[in-house]
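Please look over the sequence and the structure shown here. The briefing that follows is grouped by topic.

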Amino acid sequence: MIQTLTKNSILEAAKATIAKEAHAVAAQAEALDQNFLDLAQYLVENKYKTFVAGIGKSGLVGRQLASKLACIGVKAVYIDPNDALHGELGLVEAGDLVICLSKSGATGELVFLAKVARLRGAKIASMVCRVPSPLSKLADWTIKLDVAAEATEIEIPTSSAIAQTAVGDALVVAVANARGFTASEFSENHPAGNLGVLLGSQVNDLMHKAPEEVPVLSPDSFLHEALIEMTRQPLGAALVADSDNRLIGIITDGDIRRIVKDNPEHFLSSTVGNCMTENPLFCQPDISAIEVLKMMEDNKKKPVYVLPVVDGDRQVLGLVRMHDLTQFQLKEVK
């Protein structure tokens with residue numbers, strides 16, 4: 001029978017679900033043990049293949065785990081237990097690893113898969129909520145999930161599924177860190193999409209070049225001249241350079257707005273040199289886009305939304321904007 005729910009009751013149920021799932025995830029940090037460490041170590045050192053298997057919701061989590069392991073260079077794929085038992089088991093060889101995900105630890109197809117994979121010389125790992133269980137008894141390593149109950153009374157896989165995902169992510173990160181996996185290596189495995197563009201790009205690929213696209217002003221320029229140039233080249237900032245084109249400062253739209261607001265009578269007579277930020281944070285063109293994004297986000301003095309780009313002699317080359325990095329809009333490299 002369909003119940004009539006109020007807005008408040010719907011929100012209360014949703015919040016309660018999230019709270020229970022959050023509790024389930026937090027509990028896993030305390031439950032990790034030597035089995036987790038040994039499995040992570042095997043993944044770090046293993047040169048063979050890794051198969052991840054599960055049925056139902058555990059299968060969906062398993063697909064994610066296999067994909068994430070592959071992203072960090074592990075030779076991992078998801079294998080459907082039914083397909084494996086009907087021919088694809090031919091992929092499994094001695095030394096390979098089969099990771100079986102099951103809430104009960106008793107899923108028939110997975111237990112059968114683990115048995116025959118062991119006969120072929122494969123190592124078995126299980127991620128289960130119940131120990132002992134048929135899967136844990138077959139496994140070389142068992143990660144026991146500490147899940148007291150699902151987030152719903154009718155036992156929809158909620159807390160158990162999110163716990164599997166969290167522990168799987170912890171395993172991926174632990175292996176990546178142990179292998180010294182870098183952003184550059186990740187970009188090699190993930191060349192397409194916005195994330196791949198960002199990870200695989202250098203500042204030189206993303207920056208706006210001076211003076212074609214970026215205003216470069218003298219410190220003696222008047223503010224109204226700066227405003228005209230920044231309107232003509234609307235990037236939100238202008239770079240300030242000395243007579244040898246070396247960076248000495250930066251002025252932004254915000255700087256000019258503050259002058260107009262606080263000292264409107266001085267606007268026409270003020271110079272760029274009186275209003276600019278001296279010795280600003282800058283970068284060079286050959287560092288990675290992800291490093292620059294971190295540099296801008298981590299600046300302690302004030303938020304940095306535009307960053308000058310200079311060469312080794314502080315010669316002005318251009319600027320890069322936070323907007324360009326966060327939108328991952330790679331300009332065509334000519």
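**Briefing**

R314 is found in the loop between strands β11 (306-310) and β12 (316-321); helices (H or I, at least four residues) and strands (E, at least two) are DSSP runs, numbered from the N terminus. This is a predicted model, in which local features need pLDDT of at least 70 and side-chain atom pairs count only at pLDDT 80 or more, while totals for chains, interfaces and linings use all residues. Residues are numbered from 1 along each chain as its sequence is written, and side-chain values use heavy atoms, with hydrogens and water left out.

**Backbone angles and cis bonds**

- Most residues other than glycine have a negative phi, and most peptide bonds are trans.
- R314 is not a glycine, yet its phi is positive, about 65°.
- With 26% relative accessibility, R314 counts as partly exposed (buried means under 20% relative accessible area, exposed over 50%, partly exposed in between, with a 1.4 Å probe and protein chains only).
- E155, also a residue other than glycine, has a positive phi near 65°, and E155 sits in the loop between β5 and α7.
- The relative accessible area of E155 is 45%, so E155 is partly exposed.
- V131 and P132 are joined by a cis peptide bond with omega about 5°, and P132 lies in the loop between β4 and α6 (134-138).
- A cis peptide bond also runs from A210 to P211, with omega near 0°; P211 is in the loop between β6 (208-209) and β7 (216-217).

**Helix α7**

- Helix α7 (residues 159-179) has 21 residues and reaches 30 Å from its first C-alpha to its last, close to the 30 Å expected at 1.5 Å a residue (the expected span is 1.5 Å times one less than the number of residues).
- The buried residues of α7 include A161, V167, L171 and V175.
- Among the elements that cover the buried residues of α7 are α1 (7-31), α2 (34-45) and β3 (97-101).
- G180 follows α7 and has a positive phi, near 65°.

**Nonpolar cores**

- The largest nonpolar core has 32 residues (a nonpolar core is a set of buried Ala, Val, Leu, Ile, Met, Phe, Trp, Tyr and Cys residues joined through side-chain atoms within 4.5 Å).
- α7 gives the most to this core, with seven residues.
- L39, L43, L69 and L97 have the most contacts inside the largest core; contact means heavy atoms within 4.5 Å.
- Not counting residues up to four places away in sequence, L43 touches residues including L69, L97, L171 and V175.

**The aromatic pair**

- One aromatic pair is found in a search of the whole structure (rings of Phe, Tyr and Trp, its six-membered ring, pair if their centres lie within 6.5 Å; planes under 30 degrees apart count as stacked, over 60 as edge-to-face and the rest as tilted).
- Y42 and W141 form this tilted pair, at 5.1 Å centre to centre and 45° between the planes.
- Y42 lies in helix α2 and W141 in strand β5, so the pair ties together parts that are 99 residues apart in sequence.
- Both Y42 and W141 are buried.

**Cysteines**

- The structure holds zero disulfides (a disulfide is a pair of cysteine sulfur atoms within 2.5 Å).
- The closest cysteine sulfur to that of C100 is in C129, 15 Å away, which is too far for a bond.
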